[in-house]
Amino acid sequence: MRPVSIVMCLTLALLSGDAALAAAPQVRTQAPGFYRMILGRFEITALLDGTHPFPVHEVMTRNETTPTGERKAVKLEESHPGKAEALLAASDLPAPVEGSINAFLVNTGVKLILIDSGAGSLYGACCGHLLENLRAAGYTPEQIDEIYLTHLHADHVGGIAPQGKPAFPNAVIRVNQKDLDYWLDVKNESEAPKFLKPMFEGDRASLKPYLETGRLKPFSEGQELSAGIRAIPTTGHTPGHTSYEVTSEGKTLLVWGDLVHVAPIQFPDPAITVTYDSDTVSAEAERTGVFAHAARSATWIAAAHIAFPGIGHIRSVDGRFEWLPANYTTELKPIN
Ligand SMILES: [Zn+2]
Ligand SMILES: [Zn+2]
């Protein structure tokens, strides 16, 4: 075929829409896991550590009142068969539901503070992505001055030292003394149920490099740890479980740790607890109290296990609590 004919054929093919276009390969990766909001003069960055299937049937319990008037946790599947599925189905979600592990970075303009650190190497390949998302968000681990842990479960502390190696060379770790006392005590380890035992080993490995270099500094309850950030005891999930109240220019964000594990289940029914709660009755009381206060005061919430970025508000409608996720925006100006 002469060159002029080839050009004619191609032109005809293009005009008739027959031109063969190579299919683009699918990418199959998610966007980098960071989300920014401005709270007064502070910059808040939500960081995703990963998502994993949350086994609602195995771990969800509910506080029920016994004939003697006592409140006691009973497996949800036994006390209310089908309730977990029904509540998830109301949000178009299956069981087990995919859950997020979120951490939150606060840049006060003076200090860079990370609240929780993800699972590091303790949860397998699903998780431990905090460092790559921190870098994607424009920061380096060397820049972190302090890390405030809500409690010493693996998915909150593991990220400070994946594989036992400290990830944050300049950071001081702050954690409630009561959690440290509980999780570093071998007697508690021997008495703990089987599913909790790996947590003790994970805690020792994660905290060791910081302990050895004098960079583990426990605090007592209710303390202001940094200008604008106060430790608020919200015990029940663990003996020293702590939420952090971050305040700037009259705006407040409560980084609440593990007050909620599955939002579509625990907002409609705050009496639903998890087997990981060390004191389910206190955990329920804290959850209900914080829900009511946050709904009244329009406090912003940053949650470890609500779908990333886990930032939003709580609303009370006819006595039922609802989660209102933050509206996505690229306008980085102080929120209302
Ligand atoms: Zn926890
Ligand atoms: Zn957790």
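Q: Hi! Which protein atoms are the donors of the zinc ion (ligand 2)?
A: They are D155 (OD), H156 (NE2), D258 (OD) and H305 (NE2), lying 2.1 to 2.3 Å from the ion. Donors here are N, O and S atoms within 2.8 Å of the metal (3.2 Å for Na, K and Ca), and water is not among the atoms, so sites may look incomplete. Residues are numbered from 1 along each chain as its sequence is written, and ligands from 1 in the order in which they are written. Because the model is predicted, local features need pLDDT of at least 70 and side-chain atom pairs pLDDT 80 or more, while totals for linings use all residues.

Q: How far apart are the two zinc ions, ligand 2 and ligand 1?
A: They are 3.4 Å apart, and D258 coordinates both.

Q: What spacing do the donors of ligand 2 follow along the chain?
A: The pattern is D-H-x101-D-x46-H. D155 lies in helix 6 (residues 154-157) and H305 in the loop between strands 15 and 16, so the pair ties together parts 150 residues apart in sequence. Helices (H or I, at least four residues) and strands (E, at least two) are DSSP runs, numbered from the N terminus.

Q: Is D155 buried or exposed?
A: Buried, with a relative accessible area of 6%. H305 is also buried, at 8%. Buried means under 20%, exposed over 50%, partly exposed in between (1.4 Å probe, protein chains only).

Q: Switching topic: which residues lie nearest the centre of the largest pocket?
A: A263, I306, A307, F308 and W323, out of 22 lining residues. A pocket is an open set of points on a 1 Å grid over the protein atoms alone, where a 1.4 Å probe fits, with protein on both sides within 12 Å along at least five of seven lines; lining residues have an atom within 4 Å of a point.

Q: Which strand gives the most to that lining?
A: Strand 5, with four residues.

Terms used: Side-chain values use heavy atoms; hydrogens and water are left out.
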